[in-house]
Amino acid sequence: MPKTKRKHWTVQHIPDQSGRTAVITGGDTGIGFETTLALTRHGAHVVLTVRDLAKGERAKERITRAVPGARVTLQNLDLSSLASVRAAAAALDASDFPVDLLINNADVMYTNTLQRTADGFELQFGTNHLGHFALTGLLLKRMLDVPGSRIVTVSSMGHRQGGPMDLTDAHWTRRAYDSTAAYAHSKRVNLMFTYALQRRLGSGAHTIAAASHPGGADTSGSRRSTAERGIVTRALFAGVVRPLLMQSADRGGWPTLRATTDASVAGGEYYGPSGFLESKGHPTTVRSIGETHDAAVQQQLWDLSQELTGVRYPVQYCDRSDTPSRPSGW
């Protein structure tokens, strides 16, 4: 029987996380930092995977000052490089701690011009999706036998923008580049990935996959993006958007924290703020656009992701969605 969901969930409802290890990407800044801070406050050992180790050290120092005795480990990871993803996964695989929680939080947003990863992928698709797809696949075998393990991938309200996707041109080689659409599509495939992964895990697995979005979080990144706009846009942001549609960075982390820790969460669920336009409020289950639930497009994405990353998952599609299917020889 499903557990009743709490209507007004807050970080005070996070259960004790002692003995659990959470791996988070992009946990050194913004919403990711607030997510990390909350998990350490509730006893979790958090592995910060960071592209800049010096920046990661500063984040670790801030956390240990705020939470004396906090267990924080740094791991170098550049999601825009598959070689870096494989090296980080190998290092984590060689560690002596289990991976209970994987939070795919980091992203690249609105690059203005077309940029490419070390492997030649469009930067937002390559970092926000392919890097996380590879990392998750490489760590999943380690998680499958851990009771209560979860994979939470952070999407965005922006997944609704950008028009129809064209996965046959995921790297924008045939079309004029649209940074906003590229970001929106990367966040859309974050959701498709979550739903497709959960279908492969099946309801009988120890591990579940869920997703979240922060709503309108007032972070340094959002303020920097606004500062680059015209005076009218800046005035509207300060006078209208921020008070009506924005919430603090720590509140922006609540949907991810609920998806990661709440015992009532079911595989395949998507969490976001409960308020107007899902911009702020207590975290609750929300809906994503119809395209994200298209099983044929999900399969197209899955096949493309495996081809581009070279990562094969230790679970296969389950038609009945009731038990995980593991390849022979797993």
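Guide: Let us begin with strand β2, residues 45–50, which is mostly covered, 6 of its 6 residues being buried. Buried here means under 20% relative accessible area, exposed means over 50%, and partly exposed lies in between, with a 1.4 Å probe and protein chains only. Helices (H or I, at least four residues) and strands (E, at least two) are DSSP runs numbered from the N terminus. This is a predicted model, in which local features need pLDDT of at least 70 and side-chain atom pairs count only at pLDDT 80 or more, while totals for chains, interfaces and linings use all residues. Residues are numbered from 1 along each chain as its sequence is written, and side-chain values use heavy atoms, with hydrogens and water left out.

Visitor: Which residues of β2 point one way, and which the other way?

Guide: His-45, Val-47 and Thr-49 point one way, Val-46, Leu-48 and Val-50 point the other way, and all are buried.

Visitor: How should I read the pairing of β2 with β1?

Guide: Two strands pair if DSSP finds at least two bridges between them. Strand β1, residues 21–25, runs parallel to β2 and is joined to it by 5 bridges, with Thr-49 as the bridge partner of Thr-25. Strand β3, residues 72–76, also pairs with β2 in the parallel sense, over 5 bridges, and there Gln-75 is the bridge partner of Thr-49. From β2 the chain crosses through helix α2, residues 53–66, to β3, in a right-handed β-α-β crossover. A crossover is right-handed if, with the strands pointing away from the viewer, the path from the first strand over the helix to the second runs clockwise. A right-handed β-α-β unit is likewise made by β1, helix α1 (residues 30–41) and β2.

Visitor: In what order do the 8 strands of the open sheet stand?

Guide: The order is β3-β2-β1-β4-β5-β6-β9-β10, with mixed pairing. Because β3 and β10 each have a single partner strand, they stand at the edges, and one side of each is left without a neighbour in the sheet. Neighbouring strands are turned by 25 degrees against each other on average, direction ignored; for such angles, axes are lines fitted to C-alpha atoms, for helices over the stretch in contact, and angles run from 0 to 180 degrees between N-to-C directions.

Visitor: Which residues have the most contacts inside the largest nonpolar core?

Guide: A nonpolar core is a set of buried Ala, Val, Leu, Ile, Met, Phe, Trp, Tyr and Cys residues joined through side-chain atoms within 4.5 Å. The largest has 42 residues, and those with the most contacts inside it are Leu-140, Leu-197, Leu-201 and Tyr-313. Helix α4 gives the most to this core, with 8 residues. A second, separate core of 23 residues includes Val-11, Ala-22, Val-72 and Trp-254.

Visitor: What should I look for in the backbone of the loops?

Guide: Most residues other than glycine have a negative phi, and most peptide bonds are trans. Tyr-110, however, has a positive phi near 50 degrees; its place is in the loop between β4 (101–104) and α4 (123–143), and at 26% relative accessibility Tyr-110 counts as partly exposed. Leu-277, also not a glycine, has a positive phi of about 55 degrees and lies in the loop between β9 (270–273) and β10 (283–285), where Leu-277 is exposed, with a relative accessible area of 55%.
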